[in-house]
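Subject: Structure handover

Hi,

Here is the structure for you to look at. My notes follow below it.

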Amino acid sequence: MNILVTGGLGYIGSHTCVELLEHGYNVIVIDNLSNSKIEVKDYIKTITGKDINFVEGDVCNKQTVEHVFATYPVDAVIHFAAYKAVGESVHKPIAYYQNNLMSTLTLCEVMSKHNCKKFVFSSSATVYGDPKQVPIDETCEVGATTNPYGTSKVMNEQILQDVYISDPTWDVVLLRYFNPIGAHHSGLIGESPVGIPNNIMPYIAMVANKELPELHVFGNDYDTPDGTGVRDYIHVVDLAKGHVKALDYMTRQKVGVDAINLGTGNGYSVLELVQAFEKDNHIAVPYVIDPRREGDIAVCYAATDKAKDVLNWVAKKDIHDMVKDSWKFKMGLQGVVHEEN
Ligand code: NAD
Ligand code: UD1
């Protein structure tokens with residue numbers, strides 16, 4: 001099967017390319033390198049021994065996408081390409097809506113023309129806003145987002161619903177990721193944001209590496225056991241495997257439109273994450289307590305039953321794997337590149 005992976009050289013996309021190649025899929029990647037580096041293509045080859053077909057280009061550009069579909073017989077699309085910085089989206093809403101919506105619309109238009117109607121979309125737990133209950137299951141209300149990035153994910157989900165309503169021969173899986181961290185155990189691919197990171201794990205890694213003096217813990221007065229925010233951190237390799245399972249699901253049966261959480265079901269506080277990082281990596285992460293960050297919620301973790309029942313997928317890696325692999329990638333270590341699936 002030929003899978004088009006948009007944004008396939010990015011953080012989650014590159015790990016998904018590895019899993020797809022290791023499961024025998026042919027992979028075509030389109031990426032404009034706005035938030036990734038071309039070297040990732042070679043790292044994917046080093047890890048898997050296989051090549052991806054790479055097209056450098058913008059998914060919002062219809063001619064580029066047409067060219068890809070004219071060149072390769074695409075069977076399904078996994079759509080990662082998007083802008084994803086929450087804070088930046090508040091300052092650049094037009095750029096965020098343009099990129100995050102036009103990419104999906106362009107893909108749907110060209111896919112429809114080429115009769116390719118299997119779509120896996122990178123959504124986010126952010127669509128649930130401040131949840132009324134935890135664990136969050138897929139029936140929880142969606143839409144109370146607090147920033148253009150989050151709103152663009154809700155809008156994308158709606159667009160794909162409407163495309164399906166207009167033509168029920170489509171199959172769409174909306175994967176709602178919780179908090180991806182970690183890296184491939186080879187240490188070759190991982191998350192390397194430009195500048196000062198917004199998300200916690202790259203920030204912790206920079207503090208441990210003495211590139212930043214201390215971690216700012218955003219609030220210790222939440223209604224949680226130690227007062228700091230609780231999140232469902234998920235290893236990026238587990239997340240990547242979830243995409244292969246989503247393709248299996250769509251190949252096995254008619255799906256329609258289905259939203260599925262990808263998380264571990266476990267919540268860890270900021271301080272628990274810091275302590276695990278320090279203990280497992282034998283390195284200090286100095287921190288100070290700051291006021292709460294605007295827009296943050298206290299607790300967020302996934303109900304995982306649907307992913308297990310529908311996709312036959314559960315996250316296997318634990319917090320120790322996550323913190324060790326994050327540090328290994330940061331340190332640029334290169335280890336063994338094969339493991340059991
Ligand atoms: P990333 O920035 O590392 O990867 C996105 C990739 O898409 C980059 O390689 C970038 O160059 C490319 N890209 C962006 N716009 C493009 C365009 N118009 N045309 C072609 N390529 C384009 O981000 P990521 O962390 O891998 O996230 C992937 C997807 O998962 C995104 O849709 C993101 O919103 C979603 N998501 C991420 C997280 C997270 O914590 N990382 C959580 C929930 C959802
Ligand atoms: C954020 C985004 C969410 C996105 C997700 C993954 C917001 C409001 N939400 O979620 O839309 O899908 O990233 O990309 O930004 N923390 C600190 N110090 C830091 C950074 C974070 O204490 O320097 C704390 C936060 O308060 C939170 C936890 O660490 O409790 C995780 O934060 P982060 O990694 O930014 O993810 P989320 O806020 O959960």
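Which residue has a side-chain N or O atom 2.7 Å from a nitrogen atom of ligand 1? It is asparagine 99. Please keep in mind that this is a predicted model.

Ligand 1 first.

A backbone N or O atom of asparagine 32 sits 3.1 Å from a nitrogen atom of ligand 1. In lysine 153, a side-chain N or O atom is 2.9 Å from an oxygen atom of ligand 1. On its own, ligand 1 has 820 Å² of accessible area, and the protein covers 95% of that. Helices H1 and H6 (148-166) and strand S5 (118-124) are the elements that give two or more residues to its shell. S5 has the largest share, with three residues. In total, 27 residues surround ligand 1. The closest are Asp31, Asn35, Ser36, Asn99 and Tyr149. By class, the shell splits into twelve nonpolar, eleven polar and four charged residues.

Now ligand 2.

Here 19 residues form the surroundings. Ile200, His216, Arg231, Arg293 and Asp296 are the closest. Nine of the shell residues are nonpolar, seven polar and three charged. Helix H7 (200-208) and strand S8 (215-218) each supply at least two residues. S8 gives the most, four residues. The side chain of serine 124 has an N or O atom 3.0 Å from an oxygen atom of ligand 2. Asparagine 179 places a polar side-chain atom 2.9 Å from an oxygen atom of the ligand. Isoleucine 200 uses a polar backbone atom, also at 2.9 Å from an oxygen atom of ligand 2. The protein covers 88% of the 730 Å² of accessible area that ligand 2 has on its own.

Last, the strands around S2.

Strand S2 (residues 26-31) is largely enclosed by the rest of the structure, because five of its six residues are buried. S2 runs parallel to strand S1 (residues 2-6), and five bridges join the two. One of the pairings sets threonine 6 against isoleucine 30 in S2. Between S1 and S2 the chain passes through helix H1 (residues 11-22), in a right-handed β-α-β crossover. S2 is also parallel to strand S3 (residues 53-56), with four bridges between them. Aspartate 31 stands opposite glutamate 56 in S3. From S2 to S3 the chain goes through helix H2 (residues 39-48), and this β-α-β crossover is right-handed.

Best wishes

Conventions:
Residues numbered from 1 in each chain as written. Chains lettered and ligands numbered in written order. Predicted model: local features only at pLDDT ≥ 70, side-chain atom pairs only at ≥ 80, totals over all residues. Heavy atoms only, no water. Buried < 20%, exposed > 50% of the residue type's maximum accessible area, 1.4 Å probe, protein only. Pairing = 2+ DSSP bridges. Right-handed = clockwise from strand over helix to strand, strands pointing away. Near = heavy atom within 4 Å. Polar contact = N/O pair within 3.5 Å; in protein donor to acceptor, adjacent residues only side chain to side chain. Areas by Shrake-Rupley, 256 points an atom, 1.4 Å probe, with all protein chains shown as cover. Nonpolar A, V, L, I, M, F, W, Y, C, P; charged D, E, K, R; others polar.
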